[in-house]
Amino acid sequence: MAAPPEPGEPEERKSLKLLGFLDVENTPCARHSILYGSLGSVVAGFGHFLFTSRIRRSCDVGVGGFILVTLGCWYNYAKQRIQERIAREEIKKKILYEGTHLDPERKHNGSSSN
């Protein structure tokens with residue numbers, strides 16, 4: 001039996017893994033995508049049931065809603081992270097090259113003015 005952790009030590013927690021490899025608790029885009037997907041599942045399934053009163057078809061619509069909303073949110077977060085990474089790299093380049101002859105915003109004249 002493992003001893004309880006000391007008061008100053010952080011506790012080790014097992015993270016929730018979906019399908020054995022996706023660490024949902026520590027991956028923000030996965031966590032949000034699955035939460036929004038489950039909400040989309042409930043809304044789609046319940047909405048379909050209210051209109052048609054067909055239980056089995058409503059469950060199918062709910063599963064489809066989960067898949068569509070989860071993949072849509074995942075794509076949106078992935079696209080946003082790529083855009084953030086590109087912006088960070090561009091800012092680093094601007095800071096690095098600012099004021100040098102490699103600065104793309106600096107006007108280059110054919111003749112030097114001294």
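**Exercise 1. Which residues in helix 1 are buried?**

Solution. Buried means under 20% relative accessible area, with exposed over 50% and partly exposed in between (1.4 Å probe, protein chains only). By that rule, helix 1 has these buried residues: Cys 29, Ala 30, Ser 33, Gly 37, Gly 40, Ser 41 and Gly 45. Now turn to the whole protein: 14% of its 114 residues are buried.

Before you go on, note that this is a predicted model, where local features need pLDDT of at least 70, side-chain atom pairs count only at pLDDT 80 or more, and totals for chains, interfaces and linings use all residues. Residues are numbered from 1 along each chain as its sequence is written, and side-chain values use heavy atoms, leaving out hydrogens and water.

**Exercise 2. What span should helix 1 have?**

Solution. Start with the rule: the expected span is 1.5 Å times one less than the number of residues. Helix 1 (residues 28-52) holds 25 residues, so it should span 36 Å. Then check the model: the end C-alpha atoms of helix 1 are 36 Å apart, which agrees. Just past this helix, Ser 53 has a positive phi of about 60°.

**Exercise 3. How are helix 1 and helix 2 oriented to each other?**

Solution. Two packed helices are described by the angle between their axes and the distance between the axes. Here the angle is about 150° and the axes of helix 1 and helix 2 (residues 55-97) lie 6 Å apart. Angles under 35 degrees count as roughly parallel, over 145 as roughly antiparallel, 65 to 115 as roughly perpendicular and the rest as oblique. Helix 1 and helix 2 are therefore roughly antiparallel.

Technical notes:
Helix = DSSP H or I, 4+ residues; strand = E, 2+ residues; numbered from the N terminus. Axes fitted to C-alpha atoms, helices over the stretch in contact; angles between N-to-C directions.
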